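Trainee: I would like to go through this model with you, one site at a time. Please show it first.

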Amino acid sequence: MGTKGREIVGMDADRVIELLNKAFADEWLAYYQYWLGAKIVAGPMKDAVIAELMQHAADELRHADMLSTRIIQLGGTPLTTPQRWFEATNCGYDEPADPYVVKILEQNIKGEQCAISAYHALLEEVGMRDPVTYNMAVQILQDEVEHEEDLQALLEDLQMMRQR
Ligand SMILES: [Fe+2]
Ligand SMILES: [Fe+2]
């Protein structure tokens, strides 16, 4: 823990840690959902979808890393078991039970939209009372907004192809 770094947080630092751990759980679950989706996805344009999902999975893992670093800086502990991811998560885990490319894209778009809402809510709550957390959450939010658009663009291409 960085003592001065924690002291300057102008709100309950334990609440910030709780918010960060909820996001940490979301990132691991999203990582696995996208990673697995990339392995099993089937149907038209699957190569383009696989490339995108693998890139997103790597981004979600990087986000989990950023969050764990910040949790530790604040004197917290990143959730120590996958069971606790399910207790803490905002966005849950959407099992890719149907490998059809449209289904996978729709599930993952829903995941990105939940992530956007969750980081937006975190930013609203923390604000400039913790500028370090704020700055990190902005960086992650930028990626999630990009992810949503990437997946929606793929789905639009797919729908265009099916209609013509
Ligand atoms: Fe993420
Ligand atoms: Fe994402």
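Trainee: Which residues is N21 in contact with, leaving aside its neighbours within four places in sequence?

Mentor: This is a predicted model, in which local features need pLDDT of at least 70, side-chain atom pairs count only at pLDDT 80 or more, and totals for chains, interfaces and linings use all residues. Residues are numbered from 1 along each chain as its sequence is written, chains are lettered from A and ligands numbered from 1 in the order in which they are written, and side-chain values use heavy atoms, with hydrogens and water left out. Contact means heavy atoms within 4.5 Å. On that basis the partners of N21 are I71, T77, P78, L79 and A88.

Trainee: Is N21 buried or exposed?

Mentor: N21 sits in helix α2; helices are DSSP runs (H or I, at least four residues), numbered from the N terminus. Buried means under 20% relative accessible area, exposed over 50%, and partly exposed in between, with a 1.4 Å probe and protein chains only. Since N21 has 9% relative accessibility, it counts as buried.

Trainee: Which backbone nitrogen lies 3.0 Å from a polar atom of the N21 side chain?

Mentor: The side chain of N21 supplies the polar atom of this pair. The backbone nitrogen belongs to L79.

Trainee: Which residues are the protein donors of the iron ion (ligand 1)?

Mentor: Donors are N, O and S atoms within 2.8 Å of the metal (3.2 Å for Na, K and Ca); water is not among the atoms, so sites may look incomplete. Here the donors lie 1.9 to 2.4 Å from the ion and follow the spacing E-x32-E-x2-H-x80-E along the chain. E27 in helix α2 and E144 in helix α6 are 117 residues apart. The donors are E27 (OE), E27 (OE), E60 (OE), H63 (ND1) and E144 (OE).

Trainee: Which residues coordinate the iron ion (ligand 2)?

Mentor: The distances run from 2.0 to 2.4 Å, and the spacing of the donors is E-x51-E-x31-E-x2-H. E60 in helix α3 (residues 46-73) and H147 in helix α6 (residues 131-163) are 87 residues apart. The coordinating residues are E60, E112, E144 and H147.

Terms used: Helix = DSSP H or I, 4+ residues; strand = E, 2+ residues; numbered from the N terminus. Polar contact = N/O pair within 3.5 Å; in protein donor to acceptor, adjacent residues only side chain to side chain.
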